[in-house]
Amino acid sequence: MRLSPLTRRLFRMMVSIRGQVISIIVVMTLALMALISSHMTAINLENSIRDFYDITRLADMQVQLTRIPANALYDVLRMEGIAHVEGRVSVDVPFVTDDPDERVRVRVISVPDTDSPISALYPIEGRMVRSETQAVTVLEQFSDARGIQLGDIITPYMNGREVPLEVIGFAGHPEFVYLMENEQALIPDPEGFGVLFVSEKLLGPLLGYRDSYNELLITLTPGANPDVVADALDDALDRYGVRRVMQRDDLMSYRMMEEELNQVKAMSRVLPTLFMSVAALIIYIVLSRTVKNDRVAIGVMKALGYSNAQILAHYIQFSLLIGMGGGLLGIITGTWVSDVYVQLYIQYMNVPLLETRIIPESYVTAMVITVVFCVLAGLAGARRVIGIHPADSMRPEPPADGHRLLIERITFLWKHIAFSWKMVIRNLFRNKRRYGTLALGIALTYGVTLVAMNMGGVWQQIFEIQYGQMYTMDYNIDFKGMSGMNTLHEIRQLANVEAIEPRIEMPLEIRKDWHRKAVSVVGIPADSDMYHLESEPGVPLMMHHDRLYLTSGFAKSLELEPGDQVLVKNYLPDRDDFWMEYGGSVNQYLGLNGYMTLETMERWVVDPGHITGLSVKTDADLGAILEDAHHVQQVQSLGQMQEMFEEFSEMIVVTIGIMVMLGGIIGFAIVYNITLISINERIMEFSSLRVLGFHRKEIFRMITRENTLVSVLGILMGIPLGRWMMASMMESMSTEVYAMPGTVSDRVVLQTVVAVIIFVAVAQMATFVKIRNLSFIEALKNRMT
Amino acid sequence: MFGFNQAPKQAATKEIPAQPGQRPVLIRSENLNKTYQMGEVEVRALKNATFDLYEGEFVVILGPSGSGKSTLLNILGGMDTPTSGQVYVQEKELTSFSDRQLTQYRRNGVGFVFQFYNLMANLTARENVELATEICTTSLNLDEVMGKVGLSERADHFPSQLSGGEQQRVAIARAVAKNPLLLLCDEPTGALDFETGIRILELLKEVNLTYNKTVVIITHNTPVGAMGDRVIRMRSGEITDITVNENPVPPERIEW
């Protein structure tokens, strides 16, 4: 195939500016890599999760109650909208380990001896427990984290004694894809909390649930309204001590997976758009400058009879070729990165069906977006082709306007500026567009780098705020059920306690119009010394009695405004539902919660004088002291949580590195391209200066001064731009559970300044090499490019 | 024959009878006026320019800079439009052509030679010519034309590797290879030394004779007028004089 002269011209042009072409291709590759990897991961994750729920028949509804006899299940089954119902026993107990200082908890769940139970085990290895009375099937994350092998004997502590059980298999479970003990745990800790599945025959008699259950699993008939069924169940099962009717959305694992999916989807929109916009911007700049410099050539093409469309197509081919290069590399790298993501998900979550499947739709989406972006950027960059008049293009362009600058009129100031600086200042002001673009490019680099640097720090920031500033207790103690205020005094005497506060934490359902959502509501003293809640960053929340406060993401999902009345449904038996005023949102980054004053909880939710837990400040090892306290469900150490997060943040350091590198690549691409274009346009000027006797060094100095001034301007513009980008990015990533803070600390602002200066300096060096290799004499000889 | 004849919009036509004993009229220009607005000043670049160009003749348009000759050339070449007046090319009214028709006209009807050659720097000599022939319907054999301008050996060189004279030869080859109705040359020797300039003029004359092309040269260089079949003189936008050279001087005898 013989290429047309125009195509050959295009290829040669691309080769001659290969540095620029490569840099744009790299940015384009990153854009598509981000797009394909996140898009493909999101689809794979979503498909496999849905399949997993289908195969294992995840319950549509789960009811926690005090006790329900097996024969009462038939009544439940007769209720409208219910397709299947199963009972099970579920209990949280300590897990005996070799290390006496280690506290591990397990949820022991009974499995019915049927063929296709609701929320079934997903076999991974070995056998699934059915009727064996001394055997256990272990949730895979737990067995992996603790190195449990088939045939091992493990020992949960149940009903006051150790119960040794033989491990016969490992399984996945739809309720524990994301393994969390409760709503307060925010990241999975598979070593500290696990799930054991045993036969109903073992657990029932052992815990005194012979022919009765404390949980129901329900599937609904197609078309049934879950809210209506939930209400009906709530009423019908009242006498069995219904504690909570949970729909799928109320299941922690289910909700976390949905959030995760939403975040991956948000990422698949935000990051690629950012990178693609940068690539498009550079293409636009490169093309518009190329067209400007090709003015005569375009005039000649027109004189030869080339039409506007043909010439436009010639230049748009440039961006399309870059798009194709970036697209191809993006598809390859994106597929690879998607696989890395999927492996990470497999490592941290238990979706047994998850695997990297090639999603052609991702490729098609990527290619369509690439073509649209490239054609638009190409059109925008080359649109000036249309306006070039062949006759005019042959005439030299009129010299630039040479009027005095405003600053020159301030004679006092102007007089004191050295001549070499005067040249620099004049250059800047006479080429406003060129330097404006460079400043904008640097501002964008700053913005992207700031987002990158801050993104890595966001999680750390969240943990620091949550566990350093908001919660200042050392321990949170949860009781088994309710306890009296006397427990507070008992514990105060047991350990050297610096401060202690009562706490009432209850799940409540909040209803507003058609919205209904369950949330764990914490009752704390109005003047709590351990909970430092804020309504907005830096603004302490003043809590009033008889009002409900909710974390902002949760309040938003209910479409609540301060002053609205909400119906609060109490899961405790024999307690009435009540109306309460929504007092406002709580600015909390991790987790979703409701808050009330302790007095409000006592008045409306529980009986007066009853508490469900304590918050304690102490240096003592409260975990060890309360290990055998029979009424204590768990002792949560905030120090331990912080340690867990620190481990978690080691992973984040790698992420920061990658993000900063991406910011650097973008920054380099922008600055390198713009500076090179500007230098190419000024070859004649530099050549003339050389002829006048200027040294290379002097020309370098002049450019450096110009670029320094522009960089300062760019960075000054970049700071607010970066803050805005960060805020809008976090806004788009915020979910009900995570409110991502869009704030940026001064430290990060300064770090980014340093990073951008480095990027600019590196890009400058590359351009200096280019200047050094320029033949000035050749430049003066050539009149046409 | 020429692509622009097939332009979609039907252009206005006018029958122009050839004078007995004369060659057929290729281009007729009637009362051409061109006015530019330069800030607040109105510049009249062309004033009532009326003349004919005949098929196969060699015409030199002479005039000092600012006399309007480049404007006239641009209008004849379909690169610019007059403020008033008409141009007929083979009886079709060029001045009523649409943008699309003008492009077709430039593509198939005219070959341009510029003072500064205006070659594409990143195309070889041959590719520069190919750039023009690729889009026109009746192009000549490329190798033959390259041979005619004496550049067969240098065809694969880039413009930066060619001398000014050689570059101008490429430009002429590019204009000729399209096999156009007429060749419009804007100061074709302006950037060249005397000897190279003479050589280029010889080449243009040869093209005129070999291919029977109408060649129009505009120049401020008065002695060049001696080689034209006719000389059109211009001053301040007006045609001051049209002279027929009974005995045109061969280029090699011209001196300046």
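**Figure 1. Gly109(B) sits in the loop between H2 and strand S6 (110-113) of chain B.** This is a predicted model, in which local features need pLDDT of at least 70, side-chain atom pairs count only at pLDDT 80 or more, and totals for chains, interfaces and linings use all residues. Residues are numbered from 1 along each chain as its sequence is written, and chains are lettered from A and ligands numbered from 1 in the order in which they are written. Helices (H or I, at least four residues) and strands (E, at least two) are DSSP runs, numbered from the N terminus. Gly109(B) counts as buried because 26 other C-beta atoms lie within 10 Å. The cut-offs: 20 or more other C-beta atoms within 10 Å make a residue buried, 12 or fewer make it exposed, and anything in between is partly exposed, with C-beta atoms placed from the backbone.

**Figure 2. Gln90(B) and Glu91(B) have positive phi values.** Gln90(B) lies in the loop between strand S4 (84-89) and strand S5 (92-93) of chain B. Its phi is near 45°, and Gln90(B) is not a glycine. Gln90(B) is partly exposed, with 19 other C-beta atoms within 10 Å. Glu91(B) is found in the loop between S4 and S5 as well. Phi of Glu91(B) is near 75°, again in a residue other than glycine. Glu91(B) counts as partly exposed because it has 15 C-beta neighbours inside 10 Å.

**Figure 3. Helix H3 of chain B is mostly covered.** Nine of the nine residues of H3(B) are buried. Among them are Arg126(B), Glu127(B) and Glu130(B), along with Val129(B) and Leu131(B). The cover over these buried residues includes helix H1 (5-16) of chain A. It also includes helix H4 (142-148) and helix H5 (164-177) of chain B.

**Figure 4. Chain B touches chain A.** Here 24 residues of chain B are in contact with 23 residues of chain A. Contact means that the C-beta atoms of two residues, placed from the backbone, lie within 7 Å. On the chain B side, helix H2 (99-108) and helix H3 (125-133) each supply at least two residues. That side divides into eleven nonpolar, seven polar and six charged residues. Nonpolar here covers Ala, Val, Leu, Ile, Met, Phe, Trp, Tyr, Cys and Pro; charged covers Asp, Glu, Lys and Arg; the others, Gly among them, are polar. The predictor gives the complex an ipTM of 0.84 and a pTM of 0.75.

**Figure 5. Helices H7 and H23 of chain A pack at an angle of about 145°.** H7 runs over residues 252-293 and H23 over residues 696-733, with their axes 9 Å apart. The axes are lines fitted to C-alpha atoms over the stretch in contact, and angles run from 0 to 180 degrees between N-to-C directions. Gln263(A), Ala266(A) and Val270(A) in H7(A) meet Met729(A), Ser732(A) and Met733(A) in H23(A). By class, this contact has four nonpolar, two polar and no charged residues.

**Figure 6. The largest nonpolar core has 270 residues.** A nonpolar core is a set of buried Ala, Val, Leu, Ile, Met, Phe, Trp, Tyr and Cys residues joined through C-beta atoms within 7 Å. Val27(A), Ala279(A), Ile282(A), Ile283(A) and Val216(B) have the most contacts inside it. H7(A) gives the most to this core, with 20 residues. Leaving aside neighbours within four places in sequence, Ile283(A) is in contact with residues including Ile24(A), Ile322(A), Cys374(A) and Gly381(A). Apart from this core lies another, of twelve residues, among them Tyr475(A), Phe479(A), Ile500(A) and Val635(A).

Figure 7. Chain B averages a pLDDT of 88, and 93% of the residues score at least 70. pLDDT is the predictor's confidence in each residue, from 0 to 100.
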